[in-house]
Amino acid sequence: PAKKLLGVITDGDIRRLFLKDNVDLTQTASSIMNPNPKSVQSEELVEAALSVIEEHKIQSLVVVDSKTKSLAGIIHIQSLLK
């Protein structure tokens, strides 16, 4: 059975954590994850994915299976530029 995506932790999330004066490395992943990451449906065109990446100035984009609503993959901007 497909599992629902709970959230995403990006390199930006980790960098922001370390910019804080009082870094707490005992925090849970769920306390720093983004529970509503930007995403595209798996059948959308690459053009749409690139548009979302550019619009939101992000490097990684979650791909969701439109039928199961589960994680299908992640697109990184570097993969699109190759």
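Guide: Start with Gln-41. Its bridge partner in strand 2 is Val-64. This is a predicted model: local features need pLDDT of at least 70, side-chain atom pairs count only at pLDDT 80 or more, and totals for chains, interfaces and linings use all residues. Residues are numbered from 1 along each chain as its sequence is written, and side-chain values use heavy atoms, with hydrogens and water left out.

Strand 1 and strand 2 are parallel and share three bridges. Two strands count as paired if DSSP finds at least two bridges between them. The strands themselves are DSSP runs of E, at least two residues long; helices are runs of H or I, at least four long, and both are numbered from the N terminus.

Strand 2 and strand 3 run antiparallel, joined by five bridges. Leu-61 stands opposite Ile-75 in strand 3. Together, the three strands make an open sheet, ordered 1-2-3, with mixed pairing. Strand 1 (39-41) and strand 3 are the edges; each has a single partner strand, so one side of each has no neighbour in the sheet. On average, neighbouring strands are turned by 30 degrees against each other, direction ignored. Here axes are lines fitted to C-alpha atoms, and angles between N-to-C directions run from 0 to 180 degrees.

Next, the turn. Strand 2 and strand 3 form a hairpin with six residues between them. Lys-69 sits in that loop. Its phi is positive, about 65 degrees, although Lys-69 is not a glycine. Lys-69 counts as exposed because its relative accessibility is 53%. The cut-offs: buried is under 20% relative accessible area, exposed over 50%, and partly exposed in between, with a 1.4 Å probe and protein chains only. Ser-70 lies in the loop between strand 2 (60-64) and strand 3 (71-76) too. Ser-70 counts as buried because its relative accessibility is 9%. Its side chain makes a polar contact of 2.6 Å with the side chain of Thr-68. Such a contact is a pair of N or O atoms within 3.5 Å; within protein, one must be able to donate a hydrogen and the other to accept it, and residues adjacent in sequence count only if both atoms are side-chain atoms.

Look at the other end of strand 2. Lys-57 is in the loop between helix 3 (46-56) and strand 2. Its phi is positive as well, near 55 degrees. Lys-57 is exposed, at 75% relative accessibility.

Helix 1 (11-19) and strand 2 each supply at least two lining residues. The largest share, five residues, comes from helix 1. The lining has 17 residues, and nearest the centre are Thr-10, Arg-16, Ile-58, Gln-59 and Ser-60. A pocket is an open set of points on a 1 Å grid over the protein atoms alone, where a 1.4 Å probe fits and protein lies on both sides within 12 Å along at least five of seven lines; lining residues have an atom within 4 Å of a point.

Finally, the setting. The protein has four helices and three strands. Along the sequence, the pattern is α-α-β-α-β-β-α. Of its 82 residues, 20% count as buried.
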